[in-house]
Amino acid sequence: SMLKEAETMELEVIKAETVYYYMGECYFKTGDIESSLAAHSKAVGINPELFKSWVTIGVCYRKLGDTEKALEAYSKALKDDPENGDSVGLYVSLGSLYISNGKPFTAIDYLENATEIYPEHAAAHAYLSMAYAMIYENERSEEELALAEALGYSQGDEIRERIKSIR
């Protein structure tokens, strides 16, 4: 019957985008950035509102050094932002990107959103530390870095070096 056919089609659509999403995540975890990007691109080709895939696509482009395409992907993700725990990775990625682009105020907005949702996110606090240093809020910068390290952030010395180069 037509209903049965429609149900099967529906299942296939869900299956394909989900399969590509998980393939993309597996490739990403093994460090195969190009394959991850290809799989996630197929996933959003099927479902353009696949928030988590857009976030990973953004991260892939950043790792490949293409900031512009990363921002494009992040802004597509923001359109379907669930504003929940899943958003934290997006906000931290955007924060980090805007720090690199010399836009500390925009970075702080995203990073503070991240820490509101997920106060124990060590990297978010570490990036906040850098962003505050960029606007000469040195006390807040030091507080954030101390918090990041208390939460287990292990690259504090690297952040300190980056802050020194800012100052």
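The model is a predicted one, in which local features need pLDDT of at least 70 and side-chain atom pairs count only at pLDDT 80 or more, while totals for chains, interfaces and linings use all residues. Residues are numbered from 1 along each chain as its sequence is written, and side-chain values use heavy atoms, with hydrogens and water left out.

**Overall fold**
- The chain has nine helices and zero strands, where helices (H or I, at least four residues) and strands (E, at least two) are DSSP runs numbered from the N terminus.
- Taken along the principal axes, the C-alpha atoms fill a box of roughly 70 × 30 × 25 Å.
- Of the 167 residues, 41% count as buried; buried means under 20% relative accessible area, exposed over 50%, and partly exposed in between, with a 1.4 Å probe and protein chains only.
- Among contacts (heavy atoms within 4.5 Å) with a separation of 6 or more, residues 24 or more positions apart account for 48%.

**Nonpolar core**
- A nonpolar core is a set of buried Ala, Val, Leu, Ile, Met, Phe, Trp, Tyr and Cys residues joined through side-chain atoms within 4.5 Å, and the largest one here has 45 residues, with Ile57, Tyr74, Leu90, Ile99, Tyr153 and Ile159 having the most contacts inside it.
- Helices that each supply at least two residues of this core include H2 (33-46), H3 (51-63) and H9, and the largest share, 10 residues, comes from H7.
- Not counting residues up to four places away in sequence, Tyr153 touches Ala122, Ala123, Ala126, Ala148 and Ile159.

**Helix H9**
- The buried residues of helix H9 (residues 156-166) are Gly156, Ile159 and Ile163, and they lie on the same side of H9 because they cover an arc of only 60 degrees around the axis, the arc being that of the directions from the helix axis to the C-beta atoms.
- These buried residues of H9 pack against helix H7 (122-134) and helix H8 (138-150), whereas Asp157, Glu161, Lys164 and Ser165 are exposed on the other side of H9.

**Surface patch**
- Val19, Met23 and Tyr27 form a nonpolar patch on the surface, with about 240 Å² of accessible area together, as given by the Shrake-Rupley method with a 1.4 Å probe, for which only the protein chains shown count as cover for residues.
- Such patches are made of residues with over 30% relative accessible area and no salt bridge, with nonpolar side chains (Val, Leu, Ile, Met, Phe, Trp, Tyr) joined within 5 Å and like charges within 9 Å; a salt bridge is a side-chain nitrogen of Lys or Arg within 4 Å of a carboxyl oxygen of Asp or Glu.
- Met23 lies in helix H1 (residues 2-29) and is partly exposed, with a relative accessible area of 33%.
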